[in-house]
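Here is a short walk through one protein chain. Keep the sequence and the 3D view side by side.

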Amino acid sequence: MSGDVRQHYERLAATYDDNWAHDPAVIRWMSERIVEALDIRPADRLADIGSGTGLFARQVDDIVGPLCPLQCVDPSAAMLGRITDAPNLMAIEASAEDLAQGRVVLPHLPLDAAWIKEAVHHIEDRAATLTGLSQLLAPGGRLLIVMLPTTIAYPLFGAAIEKYEALQPDPEDIARHLRAAGLLTQVSHVEHPLTIDRERYLAMVRDRYMSLLTLFDDAEIEAGIEEIRTRHPEPRLTFPDRFAFVLGRRPAGPAAERSGTVGATP
């Protein structure tokens, strides 16, 4: 994660949950999908890598009731500082690279299940980092990468969409990294509709709720907001939110290691 992105999240920490939790049902929906994809059980040792404020970890903790503290890993002290009301969440200040390279060692290892939600695009050397994280998994352990696809239908301004499409990694590339790390890997997609008051969404854009928007200065953001107003005169915005789930599983033993990898599914 670059210094600029780190500063962005330090600044955004105080309003992060307000921006993303405009519909609590959406947070619950995504958390349930994470639990299902990873097949999380109460006895599992868990890590939310790039957890931010623990917004989704709280829900996972509520759904599963893990016996071991849920390890919330994030490089932003300000984001982790928002985790104050969840005694079973353990805040650990570190980046994915720190874990992968052994600069920070999690207290509860090996991991039975871990996830990275919408943060893999911040990892510079994805192949090395995902390989390192894969080595933290127990036999049969699962690693889930939740990410946006290469195109999105968000009501952003044109320049932001163009920048997004130029920078967003391809889920199939992430899957290839996990396979190269020796994980049995598959790709699936989930989708749900979002409906949000237009003015609230424009305030989120102004607050640069997506790190992508830090690439635009204040004048460009305000011009973009006016473009959104013109394109979307309706008072409430409705659009699909689609995610790729890239799931890797460490083979459970020698027989599984010889079985090869699972092909991607549409």
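How many helices and strands does the secondary structure of the chain hold? It comes to eleven helices and seven strands. Helices (H or I, at least four residues) and strands (E, at least two) are DSSP runs, numbered from the N terminus. The model is predicted: local features need pLDDT of at least 70, side-chain atom pairs count only at pLDDT 80 or more, and totals for chains, interfaces and linings use all residues. Residues are numbered from 1 along each chain as its sequence is written, and side-chain values use heavy atoms, with hydrogens and water left out.

Start with the sheet. It is open, has seven strands and runs in the order β3-β2-β1-β4-β5-β7-β6, with mixed pairing. Two strands pair if DSSP finds at least two bridges between them. β3 (89-93) and β6 (184-197) are the edge strands, each pairing on one side only. From one strand to the next, the twist averages 20°.

Now look at β6. β6 pairs with β7 (residues 236-249) in the antiparallel sense, over 14 bridges. I196 has L237 in β7 as its bridge partner.

Helices pack on this sheet. α6 (residues 126-134) touches β1 (46-49), β4 (111-117) and β5 (137-147). The direction of α6 makes about 140° with that of β5. α8 (residues 171-180) touches β5, β6 and β7, and its direction makes about 20° with that of β7. Axes are lines fitted to C-alpha atoms, for helices over the stretch in contact (heavy atoms within 4.5 Å). Angles run from 0 to 180 degrees between N-to-C directions.

Finally, the whole chain. Of its 266 residues, 51% are buried (under 20% relative accessible area, 1.4 Å probe, protein chains only).

Terms used. Buried means under 20% relative accessible area, exposed over 50%, partly exposed in between (1.4 Å probe, protein chains only).
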